[in-house]
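Good morning, colleagues. Please turn to the sequence and the structure that I am about to show.

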Amino acid sequence: MTTEHGDVQELLAAWAVGALPPGEARRVPPHLAECEDCAAEAERLRETVGLLDGPAVNDLPAGSGGREVGGPSEGNGARVEPGRVPALALALRTRPAAPRVAAHAAPYAAAVAGLRSLVREVDGRWATPVVHDWDVQATVAHLIAADEPLAARLGLDARVPPSRPAAGAGREDAWAEDAWAARTADVIAYERGRAPEETVAAWAAQAGALLATPEARDPELATPATTLMGLRLPVADHFAVRAFETWIHTDDIGRALGLAVPPPPDEHLRQLVRLAVRILGTALGPTAPAVLFTVAGPGAGAEWVLGSEGEPVQAELVLDPVDFCLLVGGRYAPDEVPRGTTGDTGAAAGVLARAASLAWL
């Protein structure tokens, strides 16, 4: 991994101006999807190319999986002026590196990078319907509201002023679905009075501030449990919840725009799956019929017994990790998600229904 990091880092300057041959250019996006430092450097190089009035730059990947949102062509044919690549390489060496986040915050960092990449492809289509009654701008505004509870818990100022009294503000147990819906509506209404680019900037600034907190970089500081949006979890797991929702809404926007958004990298997907299974197990409780639940495929490959531990297994249920996450995220109906089942179909259906009921996205 260290060798790969060093090799790709040496390619970034030439990649930013489209000067790499196709074979080497293909190596860069998958690495940027997994390396926050190199993704940040690539972002800085994009800005540097603009300042130098250079040729168009390649698009960053969607934050996972190695496929690029929007599918830029390999080898864009841009002409590189003499001295241009050395100047960018110097910028790469002299600009400070982005702070590295701990493993628990890495999925959120990747999801944020993915959405930042995707919104560059909107190209004036901000009013495209996405999900619920939200268009692209409103979906990004929703994420501002969704990130607020964790941001407040970590001492960050709100990016959007409240337009009505926030019921129970500051109390860990104050979350309720109606209050959450009201705050989302307030933030969306506020952002509709601004340009879409300002909404994206507000969301990105808040996300960046979250990733710059000590809790994002120090696992020990992220161990205390806190109740946010009805879930009592360690702060580290709340970062994973933010990753989950950011990826789901990035996928929503991608589908609306006709752009393929890849799933999180396997390591990140595994973290999201395990967290979702823990939440699902708690929601089912110890008296539900015992079901052997398997999440099989890239990024998972694990099984759990959900429900009663003192009773024989009544059914076996197998889901793909991405399909399971989409089910928990409310993007599949329980009877529509692809799955394999054996045994008591009612017991398996109960697990699927409970998983779908967890969605608040």
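What is the handedness of the crossing of α7 and α8? In this predicted model, α7 and α8 cross in a right-handed manner. Helix α7 covers residues 136–153 and helix α8 covers residues 177–192. The two pack at an angle of about 130 degrees, and their axes are 8 Å apart. Angles over 145 degrees would count as roughly antiparallel and 65 to 115 as roughly perpendicular, so α7 is oblique to α8.

As for the residues involved, α7 contributes Gln137, Ala138, Ala141, His142, Ile144, Ala145, Ala146 and Glu148 to this contact. From α8 come Trp180, Arg183, Thr184, Val187, Ile188, Glu191 and Arg192.

The chain has 361 residues, of which 50% count as buried. Among contacts with a separation of 6 or more, 71% join residues 24 or more positions apart.

Helix α12, residues 266–284, packs with helix α13, residues 321–328, at an angle of about 50 degrees. Their axes are 10 Å apart. At that angle, α12 and α13 are therefore oblique to each other. The crossing in which α12 passes α13 is left-handed. On the α12 side, the contact is made by Leu269, Leu272, Val273, Ala276, Val277 and Leu280. On the α13 side, Pro321, Val322, Phe324, Cys325 and Val328 take part. The contact of α12 with α13 consists of eleven nonpolar residues, with no polar and no charged ones.

Which residues have the most contacts inside the largest nonpolar core? They are Phe239 and Phe324, in a core of 84 residues. Helix α11, residues 235–257, supplies the largest share of this core, with eleven residues. Another core, of eight residues, lies apart from it and includes Val8, Leu12, Cys38 and Ala42. As general background, in soluble globular proteins nonpolar side chains tend to be buried together.

Leaving aside neighbours within four places in sequence, Phe324 is in contact with Val273, Ala276, Val277, Leu280, Phe293, Val295, Leu319 and Ala355. Of these, Val273, Ala276, Val277 and Leu280 are among the α12 residues that form the contact with α13.

Finally, let me consider two individual positions. Leu233 belongs to strand β4, residues 231–234. Is Leu233 buried or exposed? Its relative accessible area is 9%; buried means under 20%, so Leu233 is buried. With neighbours within four places in sequence left aside, Leu233 is in contact with Pro224, Ala225, Thr226, His238, Val241, Leu275, Arg278 and Ile279. Leu233 and Thr223 are ten residues apart in sequence, and their C-alpha atoms are 8.9 Å apart in space.

The other position is Asp7, in helix α1, residues 2–16. Asp7 has a relative accessible area of 37% and is partly exposed, whereas Leu233 is buried. Along the chain, Asp7 and Val28 are 21 residues apart, and 9.6 Å separates their C-alpha atoms.

To close, I return to the two helix pairs: α7 and α8 form a right-handed crossing, and α12 passes α13 in a left-handed one. Thank you for your attention.

How values were computed
Residues are numbered from 1 along each chain as its sequence is written. This is a predicted model: local features need pLDDT of at least 70, side-chain atom pairs count only at pLDDT 80 or more; totals for chains, interfaces and linings use all residues. Side-chain values use heavy atoms; hydrogens and water are left out. Axes are lines fitted to C-alpha atoms, for helices over the stretch in contact, and angles run from 0 to 180 degrees between N-to-C directions. Helices (H or I, at least four residues) and strands (E, at least two) are DSSP runs, numbered from the N terminus. Angles under 35 degrees count as roughly parallel, over 145 as roughly antiparallel, 65 to 115 as roughly perpendicular and the rest as oblique. A crossing is left-handed if the near helix is turned anticlockwise from the far one by less than a right angle, and right-handed if clockwise. Contact means heavy atoms within 4.5 Å. Ala, Val, Leu, Ile, Met, Phe, Trp, Tyr, Cys and Pro count as nonpolar, Asp, Glu, Lys and Arg as charged, and the others, Gly among them, as polar. A nonpolar core is a set of buried Ala, Val, Leu, Ile, Met, Phe, Trp, Tyr and Cys residues joined through side-chain atoms within 4.5 Å. Buried means under 20% relative accessible area, exposed over 50%, partly exposed in between (1.4 Å probe, protein chains only).
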